[in-house]
Amino acid sequence: MARDKEKMDIPPGTPLRRVMPIVVTLGLAALLGPWLLSAYWLNTFTTVACLALVAGTVALLFGQLGMVSLAQFALAGVGGWVCLRLIHGFALPFEVALLAGALVAAVFGLLVGLPALRMRGLYLALLTLMVAAAVQVVIDVVGFPDGGTGFTGKIVAGQRVLIQRPWIAPSDAAYFRYVVLWLALGLGLIEWQRATMPGRAWALIRKSEAAATAAGVSVLHYKAWAFTFGGFLAGLSGGLIAGLNGQLDNTGFPVSQSILLYALTVVGGVYNWVGVIFAGLLVRALPALLNDHGVDGNLANAFYGFALLVSLIQGRKGLAGQLADFYKFVRMSRIVEGVISWGLISIGFGLVFTALGWAGFAGTFFISLIAILFRLVIPGVCWLLLGFFGKRLQDRAEDVEAALSLRLARAFERQGWMPDHRLIKRVLNWLFIGLFVAWVASGVFDVPYATALLLIWLSLAAKAGLEIAGYPYLLPLRQRIDKRFPKPFASYR
Amino acid sequence: MDQFLPFLVVGVSVGAVYALSGVGLVVLYRASGVVNFSYGALGGLAAMLCWQIIDLEYADWLGWVAGIGAATLLSWAYGRFIAPSLTHQDKVVRAMATLGFALLIMGISQWYWGDEPRRLVLPTDSGGLEFDGRRLISYTRLLALGLAAGLTLAMLWLLAKTPLGLRMRALQSNRVLSALLGVRVKRVDTWAWVIAGVFAGITGLFMGNMVRLNPIVLTFLVIPAMASAVVGRLMSLPVTVLGGLLIGVTETLTALVPEISRYGSSAAFLVAILAILWQQRKGIGLSRDNSHLD
């Protein structure tokens with residue numbers, strides 16, 4: 001892809017443009033989620049959304065300012081506590097209590113952050129670790145309110161009282177949408193600030209505090225604001241978790257979870273909102289998936305530790321960062337074409353499989369869709385995973401594959417067939433996507449592994465067929481779209 | 001006074017183990033600039049391995065050697081192969097990398113050994129100093145106190161009087177200049193990690209005996225150890241020891257006051273938070289390399 005010298009690089013988008021993808025993606029997720037997921041997975045993904053919000057604050061502090069805060073999850077516990085206490089004690093509406101909890105957590109966040117203004121990053125990490133540990137002990141002793149009187153609001157003898165869901169979102173499905181909307185709001189606000197003055201101030205502070213002060217940027221205010229806002233969103237998330245089950249567990253906010261959340265936010269990617277969603281998925285959805293397949297959760301923890309090590313050694317961009325690297329030069333026409341064709345293929349196969357009685361429509365549709373996501377959004381997914389183990393390994397593997405492909409292509413030419421220089425890559429990708437996504441799908445939906453595998457490979461074949469057949473007709477259309485929307489993601493880090 | 005004494009004894013001995021861990025952390029930090037979050041995890045592994053070997057009816061001393069040896073080996077491996085890839089990054093990142101290592105070891109230990117209640121019994125548990133016909137302090141706790149004092153003095157001697165210690169202090173002052181002067185950075189670093197590993201193994205065995213033999217609990221006992229290291233400003237070994245003892249004593253003495261007894265385990269964190277705030281009480285100024293406010 002040669003760079004088009006006549007077109008200027010698009011500057012980092014206007015705030016609205018940068019927030020749009022978040023709103024659109026999460027809006028779609030909110031819409032489709034309850035329809036595609038079973039009850040158990042719906043609740044899991046609601047928790048994922050709450051955790052993603054907390055991870056967002058961790059990413060804000062670490063990615064924008066380089067400050068490690070291991071206390072964010074504890075602040076969520078604080079917010080949840082306040083929310084529960086207010087609802088039990090004063091029968092406030094859910095949203096009011098939620099925001100009040102968030103405000104209290106914001107104040108706590110500010111208190112934790114104030115010493116940070118004078119502190120080297122390492123001491124801040126240790127301080128926040130101590131705060132998280134102290135909060136864990138306090139929660140263990142005081143417990144979460146469950147309907148009793150007194151300051152702590154704990155019932156001594158008798159039935160625990162659960163809080164009601166907000167009146168606009170009583171059912172599980174509605175609550176999922178409610179939480180995802182709050183997530184979109186929180187992440188959108190963070191992204192908005194990144195695109196405007198606070199973001200620039202944070203970037204300058206990160207680069208050099210002395211320069212920031214010299215330029216007239218108040219280091220104190222912007223750092224304090226980051227902590228306050230981070231605390232606010234964390235407290236919000238705590239209240240949302242409380243609303244999910246109607247109560248909070250004493251053991252629900254341990255230090256280990258704080259540490260794990262930080263670790264997985266780094267693995268997911270701190271510079272990007274997509275990384276934050278990955279973090280939520282890794283903390284909650286992946287262990288649930290592994291449980292389904294009988295893998296011990298502790299091995300997952302061990303793997304996460306390893307993943308954190310690798311991420312930090314390789315430069316902290318995380319999964320989302322590696323994705324953004326691939327994504328930078330993708331063209332709008334490919335996206336539009338991909339969405340349309342995959343939508344058609346998924347719906348088509350969904351109908352066919354339902355008619356044949358092999359699997360439910362929702363399951364087939366979702367599996368087909370996930371296969372797209374992998375192929376469209378993560379080109380060369382096996383190479384991406386190899387890159388996890390080191391740039392050198394990835395490069396060497398690519399060299400070997402290129403050499404083999406060349407030999408194969410020459411062999412094809414000698415036979416008189418059309419050579420495909422990326423045949424091996426494609427085949428490996430197909431194999432991998434098929435096996436992996438089928439494994440995920442057979443755990444999440446009740447679709448048999450073989451059926452899922454067949455579905456995925458048929459979908460990929462259909463897509464390839466569509467591409468080859470439609471190429472001459474679609475080329476002018478592609479060029480027009482690309483001219484209208486050049487390099488949409490060039491500014492992503 | 002009578003009711004204080006048992007608590008005091010327990011507090012001082014647990015505090016001594018915290019102090020010992022703190023000393024190991026501080027020595028490693030002084031030599032390599034890394035705050036080692038995996039300290040507790042290595043200790044936990046040492047304790048579990050020791051228990052496993054004793055459980056398999058092998059000799060006791062084999063268990064201790066294997067446990068301490070495993071901790072030392074893993075620590076050496078980290079320092080030799082993983083830490084060098086990170087030296088160009090800042091201190092926070094290097095500390096977080098050890099966190100990853102801790103999760104890795106903790107995950108594997110917890111997966112293999114799980115949550116069953118176990119006890120690590122050391123032969124010194126059975127005897128003790130008697131006073132007035134009552135047991136005052138068991139030999140294990142006495143040993144912990146003795147080791148805390150002895151190993152701290154040994155480390156002080158190492159840093160002050162030996163060539164290795166001199167090189168470690170040189171590395172702490174200025175890594176690049178030391179390398180230019182001919183200090184073999186990787187070798188000195190590796191020795192620091194080996195020493196840290198030995199400390200982790202020893203303290204792990206003691207914690208496993210005195211606190212609880214559970215991989216997760218032992219991993220997170222690194223937090224009180226870090227608290228005592230923080231009290232010593234990550235620099236001074238004697239103050240670290242004092243910090244550890246203070247934390248241990250505070251933890252157990254809170255049991256005497258009914259209102260706050262249940263908050264006893266937060267003593268470490270409170271002491272650390274107060275210490276951090278006290279140490280950072282001076283005003284904001286420019287750091288030495290003019291890059292940030294310190």
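Predicted model: local features only at pLDDT ≥ 70, side-chain atom pairs only at ≥ 80, totals over all residues.

Entry 1, a helix pair. I looked up which residues of H2(A) meet H10(A): A:Leu51, A:Val54, A:Ala55, A:Val58 and A:Ala59 on the H2(A) side, and A:Leu261, A:Tyr262 and A:Thr265 on the H10(A) side. Contact here means that the C-beta atoms of two residues, placed from the backbone, lie within 7 Å. Helices are DSSP runs of H or I with at least four residues, strands are runs of E with at least two, and both are numbered from the N terminus. H2 of chain A covers residues 39–65, and its axis passes 9 Å from that of H10(A) at an angle of about 75°. Axes are lines fitted to C-alpha atoms, for helices over the stretch in contact, with angles from 0 to 180 degrees between N-to-C directions. I therefore file H2(A) and H10(A) as roughly perpendicular to each other; that label takes 65 to 115 degrees, while under 35 is roughly parallel, over 145 roughly antiparallel and the rest oblique.

Residues are numbered from 1 along each chain as its sequence is written, and chains are lettered from A and ligands numbered from 1 in the order in which they are written.

I find 19 helices and zero strands in chain A. It has 493 residues, and 42% of them count as buried. Buried means 20 or more other C-beta atoms within 10 Å of the residue's own, exposed means 12 or fewer, and partly exposed is in between, with C-beta atoms placed from the backbone. Among contacts in chain A with a separation of 6 or more, 74% join residues 24 or more positions apart.

A core is a set of buried Ala, Val, Leu, Ile, Met, Phe, Trp, Tyr and Cys residues joined through C-beta atoms within 7 Å. This one has 236 residues, and A:Met130, A:Ala263, B:Ala46, B:Ala227 and B:Ala272 touch the most other members. H1 of chain B (residues 4–32) gives the most to this core, 16 residues. Both domain 1 (15–325) and domain 2 (328–484) of chain A contribute, so the core lies between them; the bounds come from an automatic or database domain assignment. I also checked B:Ala46: beyond four places in sequence, the residues it touches include B:Gly67, B:Ala71, B:Ala200 and B:Leu205.

Why do I call H10(B) largely enclosed by the rest of the structure? Ten of its ten residues are buried, so that is how it counts. Among them are B:Val222, B:Pro224, B:Met226 and B:Val231. They pack against H5 of chain A and, in chain B, against H1, H2, H9 (215–220), H11 and H12 (267–279).

Just after H10(B), B:Arg233 takes a positive phi of about 60°. B:Arg233 sits in the loop between H10 (222–231) and H11 (237–253) of chain B and is partly exposed, with 15 other C-beta atoms within 10 Å. B:Glu57 has phi near 70°, also positive in a residue other than glycine. B:Glu57 is in the loop between H2 (39–55) and H3 (60–82) of chain B, and with 6 C-beta neighbours inside 10 Å it counts as exposed.

B:Leu151 is in H5 (residues 139–161) of chain B and is buried, with 23 other C-beta atoms within 10 Å. Leaving aside neighbours within four places in sequence, B:Leu151 is in contact with B:Leu20 and B:Val23.
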